[in-house]
Amino acid sequence: SVSKNSEIMDDALIADADSQMLREALRKVDGRTRDLLSIKYFEMRSDSEIAEKLGIGKNSVRQYLTVARRKLKEELIRGGWYG
């Protein structure tokens, strides 16, 4: 699906960004977004583990990650890493 393809592309972008640029972009997003992305990409947690840690449903994690990835991608673009 388009959403899944977009998610894969955003994951690839995040994986390819250099760590300094990624950390800088993370500092510019809101706290909830930063926490969620940090748990996903730095702690390498699954959606189920994130859901349990945050006390929310797995489907909510997926929705929040979609929004969080978009916000991070926007910051990476603003920072000149992508685009």
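Trainee: Where does the model come from, and how are things numbered?

Mentor: It's a predicted model, where local features need pLDDT of at least 70 and side-chain atom pairs count only at pLDDT 80 or more, while totals for chains, interfaces and linings use all residues. Residues are numbered from 1 along each chain as its sequence is written, and side-chain values use heavy atoms, with hydrogens and water left out.

Trainee: How much of the protein is buried?

Mentor: Buried residues account for 30% of the 83 residues. Buried means under 20% relative accessible area, exposed is over 50%, and partly exposed is in between (1.4 Å probe, protein chains only).

Trainee: And which residues touch the most others in the largest nonpolar core?

Mentor: Leu26, Leu37 and Leu72 do, out of 16 residues in that core. Helix 2, helix 3 (31-41), helix 4 (47-54) and helix 5 each put in at least two residues, and the largest share, five residues, comes from helix 5. A nonpolar core here is a set of buried Ala, Val, Leu, Ile, Met, Phe, Trp, Tyr and Cys residues joined through side-chain atoms within 4.5 Å.

Trainee: What is Leu37 in contact with?

Mentor: Skipping neighbours within four places in sequence, Leu37 is in contact with Leu26, Phe42, Leu65, Ala68, Arg69 and Leu72. Contact means heavy atoms within 4.5 Å.

Trainee: Switching topic: at what angle do the axes of helix 2 and helix 5 cross?

Mentor: Roughly 120°, and the axes of helix 2 (residues 19-28) and helix 5 (residues 58-78) come within 9 Å. Those axes are lines fitted to C-alpha atoms, for helices over the stretch in contact, with angles running from 0 to 180 degrees between N-to-C directions.

Trainee: Which residues meet there?

Mentor: From helix 2 you have Met21, Leu22, Ala25, Leu26 and Lys28, and they meet Leu72, Glu75 and Leu76 in helix 5. By type, that contact has six nonpolar residues, no polar ones and two charged. In that count Ala, Val, Leu, Ile, Met, Phe, Trp, Tyr, Cys and Pro are nonpolar, Asp, Glu, Lys and Arg are charged, and the others, Gly among them, are polar.

Trainee: Now Lys40 in helix 3. Why does Lys40 count as buried?

Mentor: Because its relative accessibility is 19%. Beyond residues up to four places away in sequence, Lys40 touches Arg45, Asp47, Ile50, Leu65 and Arg69.

Trainee: Is Asp47 buried or exposed?

Mentor: Buried, with a relative accessible area of 16%. Asp47 is found in helix 4, and, neighbours within four places aside, is in contact with Lys40, Lys58, Val61, Arg62 and Leu65.

Trainee: What about Ser46?

Mentor: Ser46 sits in the loop between helix 3 and helix 4. Ser46 is partly exposed at 32% relative accessible area, and its C-alpha is 9.6 Å from that of Lys58, 12 residues apart along the chain.

Trainee: Last one: where is Lys73?

Mentor: In helix 5, and Lys73 is partly exposed, at 22%.

Conventions. Helices (H or I, at least four residues) and strands (E, at least two) are DSSP runs, numbered from the N terminus.
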